[in-house]
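Subject: Structure handover

Hi,

Here is the structure I promised to pass on. Please open it alongside this email.

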Amino acid sequence: MQLTSLKLYMKQFLHDLRAQKLRTFLTLVGLSWGTVTVICLLAFGYGLQNNQQEQMKGLGDNIVIMWASNTSKPYAGYPKGRWFGFVPDDIKMMRQNIPDLEAVSGEFQRGNITIRNGRKSKLIQISGVDPEFAPMRTIVPEDGGRFLNDIDVNDKRRVIFLGNDLRDEIFGEGIDPVGKAVLIDNVPYTVVGVMVKKKQDSSYSGRDKDKGFVPATTFQSTYGDRYLDNIVFRAKTLEIHKQAVDRTYETFAKRYKFDPTDREALSMWDTVEDNGFMVFFVAMRLFVGFVGFMTLMVGGIGLANIMYVVVEERTKEIGIKMALGAKKGFVLFGFIFETLILTTIGGGIGYGIAQLIISLAPMMNIKDYVGTPTLSLQDKLAVVAILGFIGFMASFFPARRAANMNPVQALKL
Amino acid sequence: MIKMNGIRKLYATGKVAVEALKGLDLELKGGEFVSIVGPSGSGKSTLMNIVGCLDTPSEGEFFLDGERVDQFNGNQLAEVRNKKIGFVFQNFNLLPYATAYENVELPMIFAGAPQKERKETVTRLLTRVGLGDRMDHKPTELSGGEMQRVAIARALANSPKLILADEPTGNLDSHSGAEIMGIFEELWKSGTTILMITHDPNIAKRTKRTIMIKDGVIVTSLNGNGNGSSSHE
Ligand SMILES: Nc1ncnc2c1ncn2[C@@H]1O[C@H](COP(=O)(O)OP(=O)(O)OP(=O)(O)O)[C@@H](O)[C@H]1O
Ligand SMILES: [Mg+2]
């Protein structure tokens with residue numbers, strides 16, 4: 001019985017399709033266009049967001065970069081505007097006093113340093129850091145190499161970890177320099193590893209790909225710097241991130257005798273707070289989804305319109321069927337069925353076109369700017385839901401009108 | 001089969017209400033072959049629609065096959081139309097895009113009959129009305145008389161007890177009309193109750209009882225042999 005009804009519905013549908021060629025075609029175009037728009041907007045939006053997220057990780061994953069600064073409030077007899085600097089001992093103090101921290105590293109920085117390999121030389125920037133620096137900054141060594149380790153630090157070894165672009169320039173692209181020596185300001189250092197290429201769109205002192213990293217201890221004994229340029233740290237979890245930041249202020253306030261409420265004494269770049277930026281992306285995606293939804297609605301209105309015409313034209317037929325014993329539900333479902341088929345076809349065509357666009361997008365060399373457009377499962381479901389909703393709404397009202405017809409009136413036409 | 005008491009039907013069109021049936025009583029026994037005659041606008045079709053459960057009376061009692069149907073809802077009425085009544089219309093009312101076979105099959109689909117049974121019944125009925133070789137033809141490929149025969153086959157699909165026909169020969173020439181009447185007579189002989197509206201006195205004569213309606217009430221009810229009993233308004 002069910003199958004027979006379906007066959008009957010299908011027959012009606014094909015009949016309408018033939019009788020209403022142009023209108024059906026235009027409706028399908030509207031629905032397909034709407035679907036293409038929605039999918040592309042969502043997919044490009046998602047790609048852009050992913051791209052942005054990856055870029056942010058390039059700087060560091062939920063890290064805080066901290067600089068010593070001037071106090072802005074008088075405290076315990078000291079005037080405001082007092083300066084202090086971080087020293088390597090502060091790192092030890094942080095590790096001991098702030099259990100909320102997962103990783104912390106000091107960073108010495110120095111520019112205009114000559115790196116030389118044979119005839120090739122270059123002026124670069126060097127950072128003196130601790131091993132914990134790497135995971136915080138999403139620095140991953142290429143196969144066969146490693147980042148700096150505790151032994152390097154303890155023994156003040158002359159070892160260096162290279163940014164990938166720096167390696168390309170000094171050794172040549174794709175060459176593995178691990179174990180080889182380079183001269184840093186004429187002092188030989190052994191290369192221990194090269195960084196895997198990463199995306200990074202923000203920095204506070206040049207990109208990691210162009211830098212060299214040496215142990216903080218080696219750096220200090222070589223160049224004699226007393227103060228760290230900055231400290232980088234990360235909390236164990238995002239939940240206790242705020243707490244870790246507060247504890248950091250307290251600890252340093254105590255040590256350097258400034259007002260713990262003096263937020264200017266330490267200047268921090270909190271990339272977690274920066275993630276509020278992501279809210280923008282979510283909002284953008286919602287907006288884009290809404291625009292797409294409205295586009296599809298226009299297609300849906302066309303669909304509802306064609307269905308009203310179909311009801312109009314089929315009034316007599318509905319009357320006949322009712323006279324022969326068709327119930328309301330049969331008439332109602334018939335129209336909903338037809339509209340949903342149209343929606344499925346229109347949506348399917350649109351989906352196909354959109355997929356084509358998405359798969360062609362990477363060939364346009366725009367990856368670095370907009371990322372790779374991707375249709376997430378969530379977005380797919382959203383598109384199906386929107387299409388289903390529109391198909392249903394577009395069919396329900398005309399269908400109800402058909403089902404509520406008085407058979408006598410319907411037959412008179 | 002049919003028992004109606006004090007049936008009234010009001011049409012509220014705009015400000016004036018038309019009273020198409022004004023307290024009509026009617027009784028029809030199983031196996032009767034009855035024609036309804038009367039001037040245009042007297043309420044024949046209105047009565048037929050109510051008897052056929054396409055419409056409900058504004059007032060009055062209506063028993064069909066022992067059931068009181070005047071208070072039925074839409075789906076209950078659809079069920080009655082499907083199982084107990086077969087309609088034959090003046091203008092055939094076949095689905096234009098469906099073949100003769102599919103048209104006859106339709107009420108059986110609504111009734112939920114299995115495919116095998118449908119095939120057997122449809123073939124038998126179309127053969128019976130003389131269209132065994134035209135089953136795959138669409139209405140446009142058939143003559144008026146043939147279309148009406150398809151409609152009769154369709155009316156019989158669910159073996160209803162009652163056949164209702166509103167001027168079934170109205171759109172046919174006299175020859176085709178006579179053929180259709182022949183089929184109705186055969187049906188009556190095999191036990192089906194038939195109620196038909198007609199304008200043609202010759203057609204009315206071939207039925208066994210003729211009811212005359214005037215102004216929304218039955219004015220006379222005559223037996224086929226001419227000796228009538230007059231039931232006043
Ligand atoms: N839907 C309607 N709305 C308003 N008035 C109606 C409606 N249907 C019928 N009528 C009126 O009811 C009366 C009876 O109509 P009905 O169709 O039953 O007449 P009839 O006897 O079948 O006439 P005919 O022989 O011309 O077919 C007429 O006055 C008609 O105008
Ligand atoms: Mg009439």
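Below are my notes on the ligand site, the chain contact and the salt bridges.

Please keep in mind that this is a predicted model.

**Ligand 1**

Start with the ligand. Residues from both chain A and chain B surround ligand 1, so the two chains share the site. The shell has 14 residues. Those that come nearest are B:Ser40, B:Gly41, B:Lys44, B:Ser45 and B:Thr46.

By class, the shell around ligand 1 holds nine polar residues, three nonpolar and two charged. Three elements each supply at least two residues of that shell: helix H15 (407-412) of chain A, and strand E1 (2-13) and helix H1 (44-51) of chain B. H1(B) gives the most, with three residues.

- B:Thr46 has a side-chain N or O atom 2.5 Å from an oxygen atom of ligand 1.
- B:Lys44 places a polar side-chain atom 2.7 Å from an oxygen atom of ligand 1.
- A:Gln409 comes in from chain A, with a side-chain N or O atom 3.2 Å from a nitrogen atom of ligand 1.

How much of ligand 1 does the protein cover? On its own, ligand 1 has 640 Å² of accessible area, and the protein covers 71% of this.

**Where chain A meets chain B**

Next, the contact between the chains. Chain A puts in 23 residues, and chain B puts in 23 residues. About 2,200 Å² is buried between them. Carbon and sulfur atoms give 66% of that area.

The interface has one salt bridge. The partners are A:Lys327 and B:Glu79, and their closest N and O atoms are 2.6 Å apart.

On the chain B side, helix H2 (74-84) and helix H3 (100-111) each supply at least two of the residues that touch chain A. By class, this side of chain B has eleven nonpolar, six polar and six charged residues.

**Salt bridges overall**

How many salt bridges are there over all chains? The count comes to 37.

One to look at within chain A joins the side chains of A:Glu312 and A:Arg401, at 3.9 Å from N to O. A:Glu312 lies in helix H10 (residues 276-313) and A:Arg401 in helix H14 (residues 377-403), so this pair ties together parts of chain A that are 89 residues apart in sequence.

Send any questions back to me.

Best wishes

Technical notes. Residues numbered from 1 in each chain as written. Chains lettered and ligands numbered in written order. Predicted model: local features only at pLDDT ≥ 70, side-chain atom pairs only at ≥ 80, totals over all residues. Heavy atoms only, no water. Near = heavy atom within 4 Å. Polar contact = N/O pair within 3.5 Å; in protein donor to acceptor, adjacent residues only side chain to side chain. Areas by Shrake-Rupley, 256 points an atom, 1.4 Å probe, with all protein chains shown as cover. Helix = DSSP H or I, 4+ residues; strand = E, 2+ residues; numbered from the N terminus. Nonpolar A, V, L, I, M, F, W, Y, C, P; charged D, E, K, R; others polar. Contact = heavy atoms within 4.5 Å. Buried area = accessible area lost by both parts, 1.4 Å probe. Salt bridge = Lys/Arg side-chain N within 4 Å of Asp/Glu carboxyl O.
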